[in-house]
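Thank you for making time this morning.

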Amino acid sequence: MDKGSNQPNVFLDPKSSESFLPRHSDGRRDELIQHQYLRALHGYWSNPNRHPRLHGFVRGYLVPEVGDARRALQPLMLAYGFDAIERDGQVVFRMRTGESDAALSEPDLAVSDDLEARLIETRGPEAEQAGRVRLRFFESDWDHETVAEESVLPDEQTHAVSETDVALSLTRAEGRQIAERWLAEARLARDSERFALPPSRHLALSASPWPGSVAIYNSPVDGDYALNALFAARAVIGRLETPLFAAPSGRIDRGAPVQVRLFSGALSSITDAAFLSGGNLLAVGDGTPGGWELFQARDATMAGPRSWRLSHRLRGRFGTDGVMPDVWPAGSLVVRLDARVRQIDLAAGARRIARHYRIGPALRPYDDPAYVHRVEAFDGIGLRPYAPAHLRVAAEAGGLRATWVRRTRIDGDDWSLAEVPLGEETEAYRVRVTRDGTILREATVSGPRWDYGAAALSVDLSVGPVTLRVAQLSARFGAGPEARLDLPVG
């Protein structure tokens, strides 16, 4: 009975003075609610961690011919609105709930060579859409004769009909509900979108010995893990054997070669053309999610077994100059960024939220002792604004006028443009004046200029020198790295 689980102790009997409907019930017959109630009761007392993924009640189903499992399941998937997905060699069933994993806005999207724009929206031709759906099935509770139910769009003006037969036993109401859902899904499926996401949460893996393929499982808690990705190839990873000192970005670093010892793989020199096209891109860092600088090296010469000297470098690539320290010490991790380093799946709404990850041999379950357990939160560095360039001050009305040049993380290499694209929803900067880490003044401006008034400047410098810090703001990420300029007394 409809909503029978609200009051499972009552019953409906016209001949009884104790006949009642459950709370909020309309008295309709409903086998599914009985099934769900019994399943929930059994699951609670026998296995509190059980989370069934499918919901529905099958009155009867006939497999009309011998075939594979997917062909046999296809009518059920269509009728009850679920999908069969392969995950880690197993078939996983998921209901089509219509719920989204994340909300994306245009600044979250990346520019791709495969797309003409950040977002491409396509709508199918109206003439190809049927406005009437007719479903044939076996009618339950009667003589199991073949009957039909159909649904029509309110604004339908054509006579096009989409007809489908299923070997299912259904009530007429259930058949009509399925037809209505199919019609709504067909109308929604007319619209499609194509876009690309920025690379921001990449993972490089290495192990000795390499197990053949590695699986990444993740979960909000340490349990109920789901497969995130499979890695078939071992990444080229090593450590610095000599320190790598800071250098300006945007021009060739001709300093002394830095020596790297690899755990596996090899490096090689490339041509100038390949170098200027982004080749031999590497990451150096401390192993934390945000502690990485990207750089390129044209020349890679072997210095010994598994050791390489890297020279003729481009430092601070893709805005990472803003987090470049004074020195990357010996022992810092080095990763070659190629096709073997992949981005893991992470919804935009899950950024900066700690998640549990288990990483290990794909042929073993995630609770095997061979798996490594990590808890990490990712900021989504691909959304981070670059630090402003050319921060300068000049005398202005007894005070100082600070100016800088905006940088962009999107389409910034086109020299034919008078101004690089903004790359953010709005142009905004955070300006701070600090001394020994203490914030003395802070302002938000909408353009690359800020006036440091004479009175404020005099008060601040009367105590000692200060540092001017400017960061571009993003509606999705927040403040990016800061450009800094020391202002001495006098």
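Predicted model: local features only at pLDDT ≥ 70, side-chain atom pairs only at ≥ 80, totals over all residues.

On the side of helix 5 that is turned away from its buried face, the exposed residues are A455 and V459, where exposed means over 50% relative accessible area, buried means under 20%, and partly exposed lies in between, with a 1.4 Å probe and protein chains only. Residues are numbered from 1 along each chain as its sequence is written, and side-chain values use heavy atoms, with hydrogens and water left out.

Helix 5 covers residues 454–461, and its buried residues are A456, L457, D460 and L461. Looking down the helix axis, these buried residues fall within an arc of 115°, so they line one face of helix 5; the arc is taken from the directions from the helix axis to the C-beta atoms. An α-helix has 3.6 residues a turn, so residues three or four places apart point the same way. The cover over the buried residues of helix 5 includes strand 24 (399–405), strand 25 (429–435), strand 26 (438–445), strand 27 (449–452), strand 28 (466–474) and strand 29 (478–487), with contact meaning heavy atoms within 4.5 Å. Helices here are DSSP runs of H or I with at least four residues, strands are runs of E with at least two, and both are numbered from the N terminus.

Let me turn to the loop between strand 24 and strand 25, where R406 is placed and where T408 also lies. R406 counts as buried at 11% relative accessibility, and T408 is buried with a relative accessible area of 10%.

Which backbone oxygens lie 2.9 Å from a polar atom of the R406 side chain? One belongs to V420, and another belongs to P421. The backbone oxygen of P421 also lies 2.9 Å from a polar atom of the side chain of T408, and the T408 side chain reaches the backbone nitrogen of I410 at 3.2 Å. A polar contact here is a pair of N or O atoms within 3.5 Å; within protein, one must be able to donate a hydrogen and the other to accept it, and residues adjacent in sequence count only if both atoms are side-chain atoms.

Setting aside residues up to four places away in sequence, R406 touches E419, V420, P421, L422, E427, Y429 and Q472. With neighbours within four places likewise left aside, T408 is in contact with Y386, V420, P421, L422 and G423.

Two backbone angles deserve a look. Most residues other than glycine have a negative phi. N280, however, has a positive phi near 50°; N280 lies in the loop between helix 4 (272–276) and strand 15 (281–285) and counts as buried at 10% relative accessibility. H390, which is not a glycine either, has a positive phi of about 55°, and H390 lies in strand 23, residues 389–396.

Finally, the chain as a whole. The chain has five helices and 29 strands, and buried residues make up 36% of its 490 residues. Of the contacts between residues at least 6 apart in sequence, 62% join residues at least 24 apart.
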